[in-house]
Amino acid sequence: MCLALPAKVVAIDEATDTATVALGEVKKEVSLALVSDVHVGDFVLIHVGYALNTISQEEAERTLQLFAEAGLVGEKQS
Amino acid sequence: MSIEGRLTIDLYPGAGRPERVGIQSSRPLQAAKIFRGKTPEALLEQLPLVFSVCAVAQAAAAARAIQEALGLQVNGSVDAARLLLVQLETAREHLWRIAIDWPGFVGEEPDAAQAAPLQALLPVCRKALFADGDAFALRADCRVTGAAVEAPIARLDELLTGLVFGCSPSEWLTIDSAEALGEWSHGKASIAARLLHDLSCRGWQALGATDCRLLPALSATALNRRLDTPDADRFIAEPVWEQHTCETTPLARQYDAALVRSLRSRYGSGLLARLAARLVELAGIPGTMRQLAAQLGSDDPVPREETLPPGTGIGQVEAARGRLVHRVEFAHDKVKRYQILAPTEWNFHPAGVVAAGLGSLAESDEAILHSQAAMLVNAVDPCVGYELRVH
């Protein structure tokens, strides 16, 4: 029953191995320690402050669409 | 950014021990309703996208429920391969807790990078088992033998030896008493050993010990009867079985392992028994994976034990945090109802094992009480973020 959120990487701080990710208008800092080879513009699944893995833009959009169907996010989050 | 929900855990200190413990959840428990009206194929494709934290266990439970509902036969090889992936996911989740959360309990920074190689192993293993398609597709096929996963299992052994146990996992499993565990944890470099040693130095071994019931084996018929009721949503949110709260955790699964039994007899089902149970389970995973690998290549159908009403299926899987149950009802080849009963709702029930454990903490110093409570919550491990407040 555990959801991870798809979010777009908008900035990376290599010194701290963290990224700023965006889900719609909301931005958040997450750790990149569990993933490798992440670039600005990539989509990642985030959970409790960590990026769990990278996903394609298509997967991110489909996931957000499913969250929207469930009433968890607005339709235009991505 | 709180789509995934969270737990709010409140401790209200009283004379000697907390006067009251409150656990509130904002987890989106009805998200599974989005699958209503979908085909089985669409459900199996979309479900891991939505429930992506333990996506393998979720997909395995869904596949079992759907195949049961549609009366589809699964061969032993596919079933073993799927369970093998669930085991690897469980190892990853346990290692994440150890690498990410445990350092904080001895005043160190998380070392998540340690756990990253195990994350990479999951897709490697998946591809080795299901080279031609999706592991959880309705007609998934697994045509390999155990040799296909020898290398990933050996790599898992190697990672666990280096990061956690300081010896091979199978050798570590010979530790069968509180004394032997104390000897192992003394002077070892791994965070697991240092946390267990630190816990013993502080005298916190028995913290939060309770005698909560373990969730018993539940038949598909009994689960179906309970989930096919008008108040099923309430049951999913705050489950009880035969009027009792139950726990479904690594401790529940490893309850009778020699080491866990030794710790329980000395300290009860407290903090040390819980942390040790996670280690016992983790150490056993390469061996369990090898047993499952030996079943690959079998064309024997997995026997179906029960017959539910036509179009209805229950899938049960032991996920990292406890037992995961999916239930599906089909009508005219489309999902009429989809339900998920997750372990977090059993374990973090407002009157469940965590609430009882927190309620037993007899500590007057607020900062120490907070530390003890955080360790106890983490030892049971919700699959969402949580806020812990001592009032």
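Reader: Three strands of chain B form an open sheet; what is their order, and what is the pairing?

Author: The order is β2-β1-β8 in chain B, and the pairing is mixed. Keep in mind that this is a predicted model.

Reader: Which strands of that sheet are at the edge?

Author: Look for strands that pair on one side only. Here they are β2 (20–25) and β8 (386–390) of chain B. From one strand to the next, the twist averages 10 degrees.

Reader: How many bridges join β1(B) to β2(B)?

Author: Six bridges link strand β1 (residues 7–12) of chain B with β2(B), and the two run antiparallel. You can follow one bridge by eye. Start at Leu11(B); its bridge partner in β2(B) is Val21(B).

Reader: And the side chains along a strand?

Author: In a regular strand, side chains alternate between the two faces of the sheet.

Reader: Which helix lies across β1 and β8 of chain B?

Author: That is α16 (residues 366–380) of chain B. Its direction is at about 150 degrees to β8(B).

Reader: Let us take the sheet with β5, β6 and β7 of chain B. What is its pairing?

Author: Antiparallel. This open sheet has three strands, in the order β5-β6-β7 (chain B).

Reader: Why is one side of β5(B) and of β7(B) left without a neighbour in the sheet?

Author: Because β5 (312–319) and β7 (334–341) of chain B stand at the edges, and each has a single partner strand. Neighbouring strands in this sheet are turned against each other by 15 degrees on average, direction ignored.

Reader: What packs on this sheet?

Author: Helix α2 (residues 55–70) of chain B does, touching β5 and β6 of chain B. The helix direction makes about 155 degrees with that of β5(B).

Reader: How do I read the hairpin of β6(B) and β7(B)?

Author: Start with the pairing. Strand β6 (residues 322–331) of chain B and β7(B) run antiparallel, joined by seven bridges. Val325(B) is opposite Leu341(B). Ala331(B) is opposite Lys334(B). Then find the turn. Two residues lie between the strands, and His332(B) has a positive phi near 55 degrees.

Reader: Now the loops. Where is Phe348(B)?

Author: In the loop between α14 (343–347) and α15 (353–359) of chain B.

Reader: Is Phe348(B) buried or exposed, and why?

Author: Count the C-beta neighbours. Phe348(B) has 26 of them inside 10 Å, so it counts as buried. Then check its contacts. Beyond four places in sequence, it touches Leu7(B), Ile23(B), Ser25(B), Val354(B) and Pro382(B). Leu7(B) is 341 residues away along the chain, yet the two C-alpha atoms are separated by 8.6 Å.

Reader: How does Gly268(B) count, and why?

Author: First, its place: the loop between α12 (258–267) and α13 (271–293) of chain B. Gly268(B) has 18 C-beta neighbours inside 10 Å, so it counts as partly exposed. Leaving out neighbours within four places in sequence, its contacts are Ala206(B) and Ala209(B).

Reader: What does chain A look like, read along the sequence?

Author: The pattern is β-β-β-β-β-α. That is one helix and five strands. The C-alpha atoms of chain A fill a box of roughly 40 × 25 × 20 Å along the principal axes.

Reader: How does the radius of gyration of chain A fit a compact globule?

Author: It agrees: a compact globule of 78 residues would come near 12 Å, and chain A has 12 Å. Of its residues, 42% count as buried. Contacts can also be sorted by separation. Among those in chain A at a separation of 6 or more, 29% join residues 24 or more positions apart.

Reader: Which residues touch the most other members of the largest nonpolar core?

Author: Ile46(A), Ala51(A), Ala81(B), Leu84(B), Ala276(B) and Leu376(B), in a core of 155 residues. Take Ile46(A).

Reader: How many residues does each chain bring to the contact between A and B?

Author: Chain A brings 26 residues, and chain B brings 26 residues. On chain A, β3 (26–31), β4 (43–47), β5 (50–55) and α1 (57–69) each supply at least two. The most come from α1(A), with six residues. By type, this side of chain A has 17 nonpolar, five polar and four charged residues.

Definitions and conventions:
Residues numbered from 1 in each chain as written. Chains lettered and ligands numbered in written order. Predicted model: local features only at pLDDT ≥ 70, side-chain atom pairs only at ≥ 80, totals over all residues. Contact = placed C-beta atoms within 7 Å. Helix = DSSP H or I, 4+ residues; strand = E, 2+ residues; numbered from the N terminus. Nonpolar A, V, L, I, M, F, W, Y, C, P; charged D, E, K, R; others polar. Rg over C-alpha atoms; globule rule 2.2 N^0.38 Å. Buried ≥ 20, exposed ≤ 12 C-beta atoms within 10 Å, placed from the backbone. Pairing = 2+ DSSP bridges. Axes fitted to C-alpha atoms, helices over the stretch in contact; angles between N-to-C directions. Core = buried A, V, L, I, M, F, W, Y, C linked by C-beta atoms within 7 Å.
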